[in-house]
Amino acid sequence: MVDADALAAAALRQGDVKAEIAATFGTDVLDGSGAIDRAVLAARVFDDAQARERLEAIVHPRVARSREVEDRRLAQADPPPPMIVHDVPLLFETGMDRQMDAVVVVDAPRPLRLHRLAARSGWGEAEIARREAAQWSGARKRAGADLVIDNDASEAILRERVREVWVRLTTRRR
């Protein structure tokens, strides 16, 4: 699996990226060790669409290059995987959906999403709303998907739903 969030986190650790972000947003986005303080940076960009676009212009090209490297590595594996899965939170927003053979959206009802995000991240409803405002709505993502997996039950049920979609996608490719 190619995880866009992990690739973005890796990009934020690169010296040239840190330098460019600090030059663009100020040195206060760096913590005492010189790493990007993601909370400070997020506070700066999630309320300002132009600032978010500047950050994306720095990070997204590096993520795209890393994704291409990872795609090649996986495709050349022996044996290659039956399918390369990309986990991309901003898939539609970046236009990457047009590069995929199939798009699967995993979605949950908003109250459940809010509860899960708050439990996992510690964010309040206002912070979650700020971040959601920077993304396509669930309904819009569902409309753009080839397949939708409802994540409205237990983890065991979600795993079964994912398995069904995996079988469907890997079977149709043969």
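Leaving aside neighbours within four places in sequence, which residues is arginine 131 in contact with? They are Ala42, Phe46 and Trp123. The model is a predicted one, and its protein chain comes to eight helices and four strands. Of the 174 residues in the protein chain, 32% count as buried.

**Overall architecture**

- Read from the N terminus, the elements of the protein chain follow the order β-α-α-α-α-β-β-α-α-α-β-α.
- Along the principal axes, the C-alpha atoms of the protein chain fill a box of roughly 50 × 40 × 25 Å.
- Among contacts in the protein chain with a separation of 6 or more, 59% are between residues 24 or more positions apart.

**Surface and charge**

- The protein chain carries 28 positive and 29 negative side chains.
- The centres of the positive and negative sets lie 2 Å apart.

**Helices H3 and H4**

- Helix H3 covers residues 38–45 and helix H4 covers residues 49–75.
- The axes of H3 and H4 come within 7 Å and cross at roughly 130°.
- On the H3 side the contact is made by Leu41, Arg44 and Val45, and on the H4 side by Ala51, Arg52 and Leu55.

**Arginine 54, in H4**

- Arginine 54 lies in helix H4 and counts as partly exposed, at 40% relative accessibility.
- Setting aside neighbours within four places in sequence, arginine 54 is in contact with Thr24 and Phe25.
- Arginine 54 and aspartate 31 are 23 residues apart in sequence, and their C-alpha atoms are 20 Å apart in space.

- The peptide bond from aspartate 78 to proline 79 is cis, with omega near 0°.
- Most peptide bonds are trans.
- Proline 79 has its place in the loop between H4 and strand E2, which spans 86–87.

**Arginine 131, in H6**

- Arginine 131 is found in helix H6, which runs over residues 125–133.
- Arginine 131 counts as buried because its relative accessibility is 18%, and the cut-off for buried is under 20%.
- Its contacts, with neighbours within four places left out, are Ala42, Phe46 and Trp123.

- Aspartate 152 sits in the loop between strand E4 (147–150) and helix H8 (155–172).
- With a relative accessible area of 42%, aspartate 152 is partly exposed.
- Not counting residues up to four places away in sequence, aspartate 152 touches Pro109, Leu112 and Arg161.
- Aspartate 152 and arginine 62 are 90 residues apart along the chain, and 34 Å separates their C-alpha atoms.

- Glutamate 155 has its place in helix H8 and counts as exposed, at 53% relative accessibility.
- The C-alpha atoms of glutamate 155 and glutamine 14 are separated by 35 Å, and the two residues are 141 residues apart along the chain.
- Threonine 171 also lies in helix H8 and counts as partly exposed, at 45% relative accessibility.
- From threonine 171 to alanine 156 the C-alpha to C-alpha separation is 22 Å, for residues 15 apart in sequence.

Methods
Residues numbered from 1 in each chain as written. Predicted model: local features only at pLDDT ≥ 70, side-chain atom pairs only at ≥ 80, totals over all residues. Heavy atoms only, no water. Helix = DSSP H or I, 4+ residues; strand = E, 2+ residues; numbered from the N terminus. Buried < 20%, exposed > 50% of the residue type's maximum accessible area, 1.4 Å probe, protein only. Contact = heavy atoms within 4.5 Å. Lys, Arg positive; Asp, Glu negative; His and termini not counted. Charge placed at Lys NZ, Arg CZ, Asp CG, Glu CD. Axes fitted to C-alpha atoms, helices over the stretch in contact; angles between N-to-C directions.
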